[in-house]
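Hi everyone, thanks for coming. Let me put the sequence and structure up on the screen, and then we'll walk through the salt bridges together.

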Amino acid sequence: TAPPEIEEAVLDAEPLVSRFGDAQARKLCLAFLQDTQRRLERLDGLVSERQFEKIAKESHAIKGASGMI
């Protein structure tokens with residue numbers, strides 16, 4: 001299935017930009033997206049393997065990173 005369409009921004013970038021500047025905020029967001037993509041791919045495999053402890057650790061890492069952004 002296709003991902004849902006996003007009708008509004010899900011990130012208020014203003015605090016990030018005001019703290020780090022535009023260029024650094026962009027780098028941080030890109031790093032977050034790349035890392036999260038790798039973690040989601042890893043989670044997909046862990047779910048298939050039923051590796052529940054590792055699923056919890058990866059999920060927690062994603063939650064922590066998203067909280068920082």
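So here's a question to start: by about how many helical turns are arginine 38 and aspartate 35 separated in helix H2? About one, because they sit three residues apart in that helix.

Quick housekeeping. This is a predicted model, where local features need pLDDT of at least 70 and side-chain atom pairs count only at pLDDT 80 or more, while totals for chains, interfaces and linings use all residues. Residues are numbered from 1 along each chain as its sequence is written, and side-chain values use heavy atoms, with hydrogens and water left out.

On confidence, pLDDT is the predictor's own score for each residue, from 0 to 100. The protein chain has a mean of 91, with 96% of its residues at 70 or more.

Helices here are DSSP runs of H or I, at least four residues, numbered from the N terminus. Helix H2 covers residues 22-49 and has a mean pLDDT of 95.

Now, a salt bridge means a side-chain nitrogen of Lys or Arg within 4 Å of a carboxyl oxygen of Asp or Glu. The whole structure has five. Back to our pair: the closest N and O atoms of arginine 38 and aspartate 35 are 3.8 Å apart. Aspartate 35 also bridges to arginine 39, at 3.0 Å. Both belong to a salt-bridge network that links Asp35, Arg38, Arg39, Arg42 and Glu58.

Also in helix H2, arginine 26 and aspartate 22 lie four residues apart, and they form a salt bridge at 3.1 Å.

Notes: Helix = DSSP H or I, 4+ residues; strand = E, 2+ residues; numbered from the N terminus.
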